[in-house]
Amino acid sequence: MRKLIFAMNVTLDGYIAAPGDDLGWSGGEGPDSSPSDELFQWWSDRVDATGLALYGRKLWETMSSHWPTADKQPGATPAETEYARRWRDMPKVVFSSTTSPVDWNTRLVTGDAVTEITRLKAGDGGPMDIGGATLAAAAMRAGLIDEYAIVTHPVLVGGGTPFFTALDHWVNLNLVETRTFPGGVMLTRYETRR
């Protein structure tokens with residue numbers, strides 16, 4: 001059975017995007033800066049270790065608008081080039097009834113996400129990462145997420161898209177890792193207690 005991991009950058013007050021889908025807070029120490037080299041490498045290594053990435057429509061549109069050609073942009077750093085290659089090579093599934101077509105080692109699913117994620121989890125292969133608030137919320141409510149990797153940035157945005165969704169029952173977790181990155185960014189990883 002494959003492991004399903006929900007990993008995202010999160011504000012201290014629990015949002016993955018500020019109002020208006022603003023992600024400017026996640027860049028580093030200021031609205032126009034980049035994440036630290038150490039944090040960027042951690043994300044790149046996650047992509048390299050992911051057996052299959054599951055995207056909702058909005059996150060897919062954000063990622064696919066930049067990473068397929070990021071290594072061809074003037075001034076692309078070696079780390080950005082490596083991430084772009086890893087991202088293109090990583091198998092991906094996009095869940096959307098409005099997006100088409102998809103490319104870059106990607107398959108589109110227009111049917112029920114929970115049914116398909118359950119089927120994918122039952123198969124063989126490396127760990128699966130899930131991203132996108134709506135898609136992850138459906139998997140969270142269905143009890144399909146095995147691990148939460150929360151990269152908390154020291155900023156309060158006061159609203160937006162929450163990392164966690166409303167649940168019908170408690171989910172008990174075990175802390176498996178903490179790590180501090182430059183700029184006061186903190187990783188906490190929790191496994192679902194089954």
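User: Where does the model come from, and how are residues numbered?
Analyst: This is a predicted model, in which local features need pLDDT of at least 70, side-chain atom pairs count only at pLDDT 80 or more, and totals for chains, interfaces and linings use all residues. Residues are numbered from 1 along each chain as its sequence is written, and side-chain values use heavy atoms, with hydrogens and water left out.

User: What is the mean pLDDT of the protein chain?
Analyst: The mean pLDDT is 88, and 95% of the residues reach 70 or more. The term pLDDT stands for the predictor's confidence in each residue, from 0 to 100.

User: Which stretch has a pLDDT below 50?
Analyst: That is residues 28-33, a stretch with 7 contacts in the model beyond near neighbours in sequence. A contact means heavy atoms within 4.5 Å. Where pLDDT is low, the predicted coordinates should not be read in detail.

User: How many helices and strands are there?
Analyst: The protein chain has 5 helices and 10 strands. Both are DSSP runs numbered from the N terminus: helices are H or I with at least four residues, and strands are E with at least two. The radius of gyration is 16 Å, close to the 16 Å that the globule rule gives for 194 residues, so the protein chain is as compact as a globular protein of that length. That radius is taken over C-alpha atoms, and the rule is 2.2 Å times the number of residues to the power 0.38.

User: What box do the C-alpha atoms fill?
Analyst: Taken along the principal axes, the box is roughly 40 × 35 × 30 Å.

User: What share of the residues is buried?
Analyst: Buried residues make up 43% of the 194 residues. Buried means under 20% relative accessible area, exposed means over 50%, and partly exposed lies in between (1.4 Å probe, protein chains only).

User: Which residues of helix α5 are buried?
Analyst: In α5, residues 133-141, the buried ones are Leu135, Ala136, Ala137, Ala138, Ala139 and Met140. They pack against several elements, including β1 (4-11), β3 (52-56), α4 and β7. Just after α5, glycine 143 takes a positive phi of about 75°.

User: And alanine 133, is that buried or partly exposed?
Analyst: Alanine 133, which lies in helix α5, is partly exposed, with a relative accessible area of 22%. Leaving aside neighbours within four places in sequence, alanine 133 is in contact with Ile16, Thr161 and Pro162. Alanine 133 and tyrosine 15 are 118 residues apart in sequence, with 9.7 Å between their C-alpha atoms.

User: Changing topic: is threonine 152 buried or exposed?
Analyst: Threonine 152 is buried, at 18% relative accessible area, and belongs to strand β7, residues 147-153. Not counting residues up to four places away in sequence, threonine 152 touches Val10, Thr11, Leu12, Gly184, Val185 and Met186.

User: What about threonine 115, buried or exposed?
Analyst: Threonine 115 counts as exposed, at 52% relative accessibility. Threonine 115 is part of helix α4, residues 113-121.

User: Where is glycine 159 found?
Analyst: Glycine 159 is in the loop between β7 and β8 (161-162). Glycine 159 is buried, with a relative accessible area of 11%.

User: Which residue has a positive phi although it is not a glycine?
Analyst: Aspartate 21 does, with a phi of about 60°. Aspartate 21 sits in the loop between β2 (15-17) and α1 (37-49), and is partly exposed at 43% relative accessible area.

User: Finally, where does asparagine 9 lie?
Analyst: Asparagine 9 lies in strand β1. Beyond four places in sequence, asparagine 9 touches several residues, among them Tyr15, Trp25, Trp43 and His153. The C-alpha atoms of asparagine 9 and valine 185 are separated by 9.4 Å, although these residues are 176 apart along the chain.
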